[in-house]
Amino acid sequence: MAKRAVTINVNGAEHPVEVDITDRLIDVLRDQLNLKSVKEGCSTGDCGICAVLVDGKLVNSCLMLAAQCDGRRVTTLEGLLEDPAMKRMQGSFIANNAAQCGFCTPAMLMASWDLARHSPEPSSEEIKVAISGILCRCTGYYQIIDSVRQGCEKGGR
Amino acid sequence: MSEQVSQLLDSLRAKAEKGELLYIGENVVRVDSLEKVLGNPVYTADLIPKGTIYAKLFHSSIPHGIVKRMDLGAARSHPGVLGVLTSKDIPGLNESSAVLPDRQLFSDPVVRSTGDILGAVIAETSPSASDAAAKITVDYERLPTIFDPIKALEAGAVKVHEKGNIARQMRIRKGNVEEGFSRSDIVFEKTYRTQFQDAAPLEPEVGLAIPEDGGVRVIGSMQSPHHTQAAVAKVLKLPPEKVRVIQAVTGGAFGPKSDETPYDVCSTAALAAVKFRRPVYCGMDREDSMVMHTKRHPFVISHKTGVSKDGMLLADESRIVGDTGAYASLGVFVIVRATFHTVGAYEVPNVKADSYLVYTNNTYTGSLRGFGGPQAIFAIESQMEELARRLGMDPLEFRVRNMLLPGKKNATSAVMDASCGLPQCVEKVVNSSNYREKARRYRSQTGNARRGLGIALLMHGNSLGPEGNDYGAVHVEVLSDGSVSVGSGLTEYGTGAISGMMQVASSVLGVPLSRFKLERPDTSKHRESGPTVASRVVVIGGNASKLAAEKLRSRIIPLAAEMLKSDPENVAMADGVAFDRRDPSSTVQWDDIVAEAYRRGISLKEDGFFMAPAAPWDQEVGQGTPYVQYTWGALVVEVEVDMGTGCYRVVGAHAAYDVGKAVNPAGVLGQIYGGTVQGLGYAMMEELLHKDGVVVNPNLGDYYIPTSMDIPEEFKAFIVEVPGPLGPFGAKIIAEPPIVLPGAAVRNAVLNATGVSVDDLPVTSEKVLMGMKTEAAAHYR
């Protein structure tokens with residue numbers, strides 16, 4: 001398999017990595033950089049639980065090649081654990097019982113944090129749209145939506 | 001101390017002083033919330049050590065045949081491949097079955113479905129194992145096939161197994177239906193059908209095996225580690241203690257992970273780990289899972305029901321056929337639960353039911369949330385709606401007239417006791433949905449967008465009942481640092497039930513759940529506690545946890561009394577502080593009591609064991625008390641249908657469940673929301689399609705499950721608490737019940753909006769549109 005040397009900025013640090021040209025972003029994040037919050041649920045871009053931010057945009061890391069990320073900024077939940085807005089969101093998820101099996105939780109948090117940055121007081125409809133790319137099989141979404149609404153208070157600021 | 005904290009402590013103390021329950025009924029934070037929002041590496045795939053190799057299962061491409069030859073050469077020589085495992089590599093029994101020994105781990109030589117596993121490719125990387133598996137070619141001698149469970153029952157049908165196509169038969173004989181029909185003013189017959197549903201837990205089935213100590217350590221995503229241990233040991237021909245099974249944090253389960261698929265991935269990983277002396281990960285991807293794991297049984301249920309003019313049910317005869325696919329799995333119990341619930345939440349004086357679990361060449365079906373309930377209740381609640389229309393009676397009124405109440409008898413002739421909270425549930429949803437006013441108003445609708453209400457009622461038997469002894473064992477140990485460690489063979493896989501079980505111990509001890517830690521279920525440490533199924537953790541495990549905590553308390557309180565220079569009967573404990581009721585300023589901290597106990601060598605570990613009372617029933621006539629108590633519920637959904645296209649959406653849902661006692665109300669609501677939405681998926685969109693035995697939509701792009709955009713705009717959930725006799729503090733089960741009602745409620749709502757009866761789930765817009773084009777529908781409009 002052809003190898004390629006790329007440098008990806010992951011969670012604020014430059015990571016020179018050697019990747020197969022067919023390696024997906026999720027493979028490099030999980031297997032090379034040990035970022036296990038990124039989950040794989042379908043491998044076809046349908047479930048969204050592998051969502052990470054690439055240059056500030058929410059993407060499915062199972063649908064993006066690692067080689068495409070050369071020179072780009074990638075953010076996973078691990079990179080936001082000290083971020084006040086993320087902490088607020090996590091606290092809200094805990095308080096509202098929004099994590100059941102927890103497998104979609106990191107991606108839900110990424111989507112919610114991303115929403116909070118842009119929309120300090122989102123409506124239920126905006127929240128539903130913001131998390132619509134991520135499937136949750138446990139909660140029926142209601143307690144997640146409540147969490148996001150409360151976690152967005154004062155926005156991401 | 002902040003004011004809030006001190007207020008909380010005051011209220012807990014007041015409760016403790018009066019001997020009232022602590023923590024129970026409060027929205028206590030789950031023990032596993034933090035690790036989940038931190039994205040901690042706690043799931044099986046997160047725990048793969050360096051040097052792990054990968055197993056990729058490969059399966060039959062035809063639904064019935066004999067494997068003549070497998071060409072494994074190209075796979076073996078694929079780069080990175082270490083070997084290919086087939087039935088010949090199994091040292092022990094080639095068997096992977098939960099109840100009946102009808103299924104092999106690697107099918108040889110007969111394949112009975114396209115989900116039959118033939119073997120596994122073992123390679124250095126996951127892609128190389130997958131690529132190599134794609135190169136395997138198999139020559140089959142094709143055998144005739146049968147996919148329709150009704151035809152499979154006919155004489156001369158193609159036999160899926162030598163013994164024939166009936167895996168299990170069951171019946172109910174209550175009263176005399178012929179006599180009931182002869183007294184009836186209306187006798188109405190109809191047949192209802194349900195589809196294959198995929199549980200689709202977001203984490204598919206995965207197992208990791210690491211060779212150790214002449215045996216193997218298995219870490220996996222599963223509901224029942226001890227059952228998995230037995231299954232793996234049988235395949236590897238190892239004594240069970242050489243197979244140590246640990247349940248990793250599990251990313252959703254919903255039933256299939258209590259069935260045979262976890263055996264498949266764990267046995268395969270363990271086989272390869274022993275053979276290659278390396279850690280092996282056997283993870284199904286989504287397609288593997290949707291093809292090879294168990295789904296919800298499609299059922300064909302026919303009801304013949306007799307009613308009097310004034311709307312009293314007099315007799316019901318049903319024929320229940322469940323398609324178990326190629327193998328029985330836990331389906332042998334699914335059919336039993338479905339049969340016991342055949343007339344649902346109603347009193348019918350004469351009941352006759354004959355049910356059959358039938359083999360076909362479809363992929364196999366098994367345990368899935370609700371466990372036969374969703375199919376049975378879809379049929380009877382659809383039948384109730386049809387009967388109400390024929391009687392010219394309001395469907396709510398008709399149901400209320402016939403529903404079970406204390407003193408009435410269900411289909412098994414069990415007499416309902418005072419813990420039947422069905423009427424309270426009905427009242428909640430009827431008021432919340434403004435049912436009576438809206439139902440009247442919606443009768444005279446015109447125009448393109450029309451609304452309809454649908455109602456369905458629930459009886460759901462608690463306890464394993466017919467499936468075996470219902471017991472649980474829980475170990476509670478206070479460590480020297482004052483934390484409380486809880487271990488059990490019962491598992492958490494998302495619902496929060498294990499936290500609820502621990503909350504019970506927390507309440508008894510008067511120590512907050514934040515001081516509690518959950519041990520990973522581990523067969524080398526925790527005793528067998530039966531399967532984690534039937535939503536029984538809070539009820540059965542909760543009782544065991546209560547017993548263990550009470551035994552600890554009986555040693556801790558006297559010690560605290562001594563330290564307080566008081567008497568045990570005057571000592572109460574709240575939030576980790578023991579105090580003298582006569583002089584609340586005299587206190588001693590939990591940590592100090594624990595330290596003192598350790599100094600004196602007082603043991604602070606206990607096991608609690610609880611066994612549910614027997615649930616006897618007569619197999620000949622299906623009569624008796626197969627369940628120890630019942631969960632009750634009611635659901636009203638409101639739909640809006642576009643009369644031009646048949647497209648519809650659920651605009652409102654009003655659900656009430658009698659859970660006896662809500663140990664953690666936020667957790668109970670989570671089950672009501674989540675189960676209802678999973679049930680709405682079943683009602684509206686989910687269908688795993690087979691074409692000639694091949695699954696045609698094994699992915700989450702073509703098999704739709706509800707997204708955040710599909711949920712009802714309005715959802716009102718109500719907790720009703722009529723204490724039951726079985727669970728701690730009166731608790732009843734709740735994880736499964738909410739998935740049961742949406743099928744019928746949606747179907748009935750669409751019927752009331754459009755006049756179209758959709759008798760086969762899911763109720764798709766296409767079916768509604770086709771229905772509206774028929775004359776019968778025009779009659780109702």
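Two strands pair if DSSP finds at least two bridges between them. Helices (H or I, at least four residues) and strands (E, at least two) are DSSP runs, numbered from the N terminus. In chain B, B:M573 stands opposite B:A578, a residue of β21(B).

This is a predicted model, where local features need pLDDT of at least 70, side-chain atom pairs count only at pLDDT 80 or more, and totals for chains, interfaces and linings use all residues. Residues are numbered from 1 along each chain as its sequence is written, while chains are lettered from A and ligands numbered from 1 in the order in which they are written.

**A sheet in chain B**

Three strands of chain B form an open, antiparallel sheet in the order β20-β21-β22. Four bridges join β20(B) to β21(B). The average twist from one strand to the next is 30°. Helix α17(B) packs on this sheet and touches β21 and β22 of chain B. Its direction makes about 55° with that of β22(B). Such angles run from 0 to 180 degrees between N-to-C directions, with axes fitted as lines to C-alpha atoms, for helices over the stretch in contact.

| Element | Residues |
|---|---|
| β21(B) | 577-580 |
| α17(B) | 590-600 |

**Chain B as a whole**

Chain B has 21 helices and 30 strands. Its 781 residues would give a compact globule a radius of gyration near 28 Å; chain B has 27 Å, which agrees. That radius is taken over C-alpha atoms, and the globule rule is 2.2 Å times the number of residues to the power 0.38. Of the residues of chain B, 61% count as buried (20 or more other C-beta atoms within 10 Å of their own, with C-beta atoms placed from the backbone).

**Where the chains meet**

The contact takes 41 residues from chain B and 36 residues from chain A. Two residues are in contact if their C-beta atoms, placed from the backbone, lie within 7 Å. On the side of chain B that touches chain A, α18(B) supplies the largest share, eight residues.

**Two domains in chain A**

Chain A is assigned domain 1 (3-78) and domain 2 (82-151); such bounds come from an automatic or database domain assignment. The C-alpha centres of these domains of chain A lie 21 Å apart. Between them, 13 residues of domain 1 are in contact with 11 residues of domain 2. Strand β3 (residues 51-54) of chain A gives the most to the domain 1 side, with three residues.

Definitions and conventions
A residue is buried if 20 or more other C-beta atoms lie within 10 Å of its own, exposed if 12 or fewer, and partly exposed in between; C-beta atoms are placed from the backbone.
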